[in-house]
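Thanks for making the time this morning.

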Amino acid sequence: MLSPSLAQEIAGDTSAVIGFNVLITDADGMVIGSGDSSRVGTFHEASVEVIRTQEPATHNASQAHQLRGVRPGVTLPLVTSGRAVGTVGITGTPAQVRRFGLLVKRQTEILLRESVMLRSRLLAERAAETLLADIASYDPRVVEGDFLVFRAAELGFDLRLQRVAVAIEVSVPDAGPRRQGAPTRDMALIRSELLRTVREVFADPQDIVASTAPGWIGVLRRLPARAEAASLVADCRRITDVIAAQDGLTARAGIGEPAVSVAGLRDSWQDARDALRLGARVTGGSRVHLIAELRVHQVLAAVNQPARRRLVELTAATLRAQPDWPVLRDTITAWCESGFNLVRTSAALHIHRNTVVYRMHKIEQLTGRPLREHRTTMALYLACLADELGEGATPDEG
């Protein structure tokens, strides 16, 4: 709990402030920090009794002379959680240094507690990172799901609760050369700030939040009973908006499907990442993407590029040659996704229904296929989605 590096930092800084040498020992009475570096590594005999009794002690010159490694001054116990973990001593005549004793003791204990809390938080973050990584790469042939459930329980997480994976991608656009004298942003600090931002929104004790890679934050969000997708989308938008308000940062979020098992969470995480990649190609400027709205795109992306290219060429070649191909493609997509209903299609496209009829007539003339024959229209629909995906749209396996 009391590391030599921390002890030396505290002893050196405190000695400089009060003008008297401060030394810190461990629970065995060994000096691990001192304003006088020559005393580091020596034995401080007076500390043994102070640690045992948890009571301060003072020593004048004659008393100190009889104890090994002790000089005149005051020695006080460092106590945390009811246990003495070391001592802090101040060198000088007791009358001079006694007034600093309680102040130095309290300040050292505060710094020690803060260090322990920071170390505990870092260890918890590291454990959450490892847990999320193991869930993302879960293979039942390598490790049993119950083992991960047990490990999660040790960290306070119940993987049997319904959760949904959220993948958040943060990027720093290239802003060109930095102005002379402009402050640089420490990446570790940015990462810490981003994690804090996400945890402020996903604040349920059962929400697992961790950094998964540079620029990536993963969340296994616990879903309360009767939770609505709109609420989760709103939370993700809040996060992306807050991150976007920071200088030079942009963020997007992908949302998977609910799951109640380790295998389901693995799939939900992969779905969330797929939603990010596919959503960037087919949903314009939106910053939040749901895999539930991109399932057909996900299936198409899993098909190799030559097969997708051949589908587009054989099904929509004449349409793709038209100058208004993007408009025609959007019309076909809206027609199919609106249940082949003229009114809903015009509402989805925000155009008059007569305009939809004109476009559909043009499409039928160019393709020689009536759009009310659903089997052939669905093939055309898939070709339009494949064209939206373009080249290199196959999601990775990360």
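A word on the basis first. This is a predicted model, in which local features need pLDDT of at least 70 and side-chain atom pairs count only at pLDDT 80 or more, while totals for chains, interfaces and linings use all residues. Residues are numbered from 1 along each chain as its sequence is written, and side-chain values use heavy atoms, with hydrogens and water left out. Helices (H or I, at least four residues) and strands (E, at least two) are DSSP runs, numbered from the N terminus.

Let me begin with helix pairs. Two packed helices are described by the angle between their axes and the distance between the axes. The axes here are lines fitted to C-alpha atoms, for helices over the stretch in contact, and the angles run from 0 to 180 degrees between N-to-C directions. Angles under 35 degrees count as roughly parallel, over 145 as roughly antiparallel, 65 to 115 as roughly perpendicular, and the rest as oblique.

The pair to look at now is helix α4, residues 94-136, with helix α5, residues 145-154, whose axes come within 11 Å and cross at roughly 160 degrees. That angle makes α4 roughly antiparallel to α5. The contact, meaning heavy atoms within 4.5 Å, is made by Thr130, Leu131, Asp134 and Ile135 of α4 together with Leu148, Arg151 and Ala152 of α5. Sorted by class, the contact of α4 with α5 has four nonpolar, one polar and two charged residues, where Ala, Val, Leu, Ile, Met, Phe, Trp, Tyr, Cys and Pro count as nonpolar, Asp, Glu, Lys and Arg as charged, and the others, Gly among them, as polar.

The loop between α4 and α5 holds two residues that I would point out, and Pro140 is one of them. At 52% relative accessibility, Pro140 counts as exposed, on a scale where buried means under 20% relative accessible area, exposed over 50%, and partly exposed in between, with a 1.4 Å probe and protein chains only. Pro140 and Ala263 are 123 residues apart in sequence, and yet 8.1 Å apart in space, C-alpha to C-alpha. Glu144 lies in the loop between α4 and α5 as well, and at 58% relative accessibility Glu144 counts as exposed. The C-alpha atoms of Glu144 and Ala317, which are 173 residues apart along the chain, are separated by 49 Å.

Next comes helix α8, residues 262-282, which has 21 residues and reaches 30 Å from its first C-alpha to its last, close to the 30 Å expected at 1.5 Å a residue; the expected span is 1.5 Å times one less than the number of residues. Of the 21 residues of α8, 15 are buried, so this helix is largely enclosed by the rest of the structure.

How far apart are the end C-alpha atoms of helix α11? They are 18 Å apart, which agrees with the 18 Å that its 13 residues, 325-337, should span at 1.5 Å a residue. The buried residues of α11 include Trp325, Leu328, Ile332 and Trp335, and the buried residues of this helix pack against α10 (305-320), α12 (342-349), α13 (353-367) and α14 (374-389).

With α10 in particular, α11 packs at an angle of about 130 degrees, the axes being 9 Å apart, and α10 and α11 are therefore oblique to each other. Their contact is made by Ala316, Leu319 and Arg320 of α10 and by Trp325, Leu328 and Ile332 of α11, which by class gives five nonpolar, no polar and one charged residues.

Past the end of α11 the backbone deserves attention. Most residues other than glycine have a negative phi, and most peptide bonds are trans. α11 is followed by Gly339, whose phi is positive, near 70 degrees. Phe340, in the loop between α11 and α12, has a phi near 55 degrees, a positive value in a residue other than glycine. Gln54 likewise has a positive phi, near 55 degrees; Gln54 lies in the loop between α2 (46-53) and β3 (57-59), and is partly exposed, with a relative accessible area of 35%.

Finally, α12 and α13 pack at an angle of about 100 degrees, with their axes 9 Å apart, and that makes α12 roughly perpendicular to α13. The residues of this contact divide into six nonpolar, two polar and two charged.
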